[in-house]
Amino acid sequence: MVSSSGHVVTNHHVINGCSEITGNLSGEAPVKLRLVSGDETNDLALLQAPSPFKDVAKIRQNPIPVGNGVVAIGYPYHGLLTSDFTVTTGIVSSLSGILNDTRFLQISAAVQPGNSGGPLFDLGGSVVGVVAAKLDAVTVARATGTIPENINFAIKTGALRDFLDNSAVQYQTAEWRDSLKRETPEIAKDARGYTLLIVCKVNEQSAGAKKP
């Protein structure tokens, strides 16, 4: 959740091809979300709930340096593992993604299918990225003979803020100060108020064209 008007950010690939999109906070009933806008190039989508939720996330205003700690929250393998969100921690490993793509952060925090579109927080609890992908271990192993570990990617807040600005969304920002540093359980507790489980429903006509 990124605005008091009920706006929600996720990845474009999460909602691409959906006939119906719902979202809910942990332990609450799902509500129908409408697609406001999408950016396939930067893999971002903006959704909106029929009424606002109580809390919203703050987006970090200044860039996060390499080596800083991060917290990723999402719903990996939902329905197979826990129905609650999961929390993983790591660091910013690089300020660019594959082939030096500067739209992305490389992070060591573990992510899995289901983390896509979820928030990446700094140690003050501000959003520093949108989790987007992990390096394809099978493809890399075939090409190099080694299995990559802890190489994952999140869309930087620069691209996120440009996307929200272009969509005329009023969002909150925060500047990092050392005094804002918090423990991971505190960050996770606050995140319950603005991290949604998003479910994509696909009708039979579009099911054949839907990517997994």
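Student: Which are the buried residues of helix α4?
Tutor: I187, A188 and A191 are the buried residues of α4, which spans residues 184-191. Buried means under 20% relative accessible area, exposed means over 50%, and partly exposed is in between (1.4 Å probe, protein chains only). Helices (H or I, at least four residues) and strands (E, at least two) are DSSP runs, numbered from the N terminus.

Student: Before we go on, what are the ground rules here?
Tutor: This is a predicted model: local features need pLDDT of at least 70, side-chain atom pairs count only at pLDDT 80 or more, and totals for chains, interfaces and linings use all residues. Residues are numbered from 1 along each chain as its sequence is written, and side-chain values use heavy atoms, with hydrogens and water left out.

Student: Back to α4. Which residues are buried, again, and why do they line one face of the helix?
Tutor: They are I187, A188 and A191. Seen down the axis of α4, these buried residues fall within an arc of 95 degrees, so they line one face of the helix. The arc is that of the directions from the helix axis to the C-beta atoms.

Student: Which exposed residues sit on the face turned away?
Tutor: P185 and K189 are the exposed residues on the face of α4 turned away from its buried side.

Student: And what covers the buried residues of α4?
Tutor: The cover includes β6, β7 and β9 (119-121).

Student: Now α3. Which residues are buried there?
Tutor: In α3 (residues 157-166), T157, A159, L160, F163 and L164 are buried. They cover an arc of only 160 degrees around the axis, which puts them on the same side of α3. As a general point, an α-helix has 3.6 residues a turn, so residues three or four places apart point the same way.

Student: What covers those?
Tutor: The cover over the buried residues of α3 includes β1 (7-10), β3, β4, β5 (58-60), β10 (127-134) and β11 (152-156). Just after α3, A168 takes a positive phi of about 60 degrees.

Student: Switching to rings. How many aromatic pairs does the structure hold?
Tutor: Two. Rings of Phe, Tyr and Trp (its six-membered ring) pair if their centres lie within 6.5 Å; planes under 30 degrees apart count as stacked, over 60 as edge-to-face and the rest as tilted. One of the two pairs is Y75 with F85, edge-to-face, at 6.2 Å centre to centre and 75 degrees between the planes.

Student: Where are Y75 and F85 in the chain?
Tutor: Both Y75 and F85 are in the loop between β6 (69-74) and β7 (86-94), ten residues apart.

Student: Buried or exposed, those two?
Tutor: Y75 and F85 are both buried.

Student: What lies over the face of F85?
Tutor: R192 does, at 4.6 Å from the ring centre. A charge sits over a ring if NZ of Lys or CZ of Arg is within 6 Å of the ring centre and within 35 degrees of the ring normal.

Student: Next, how many disulfides does the structure hold?
Tutor: One. The disulfide joins C18 to C200, S to S 2.0 Å. The cut-off is a pair of cysteine sulfur atoms within 2.5 Å. With -120 degrees about the S-S bond, the link of C18 and C200 is left-handed.

Student: Where are the two ends of that link?
Tutor: C18 is in the loop between α1 (12-15) and β2 (20-24), while C200 is in strand β13 (residues 197-201), 182 residues apart. C18 counts as buried at 18% relative accessibility. C200 counts as partly exposed at 26%.

Student: What does D43 touch?
Tutor: Not counting residues up to four places away in sequence, D43 touches T10, N11, H12, H13, A132 and I155. Contact means heavy atoms within 4.5 Å. D43 lies in the loop between β3 (31-39) and β4 (44-48), and is buried, with a relative accessible area of 16%.

Student: Last one. What is the mean pLDDT of the chain?
Tutor: The mean is 90, and 93% of the residues reach 70 or more. pLDDT is the predictor's confidence in each residue, from 0 to 100. Over residues 206-212 the pLDDT is below 50. Where pLDDT is low, the predicted coordinates should not be read in detail.
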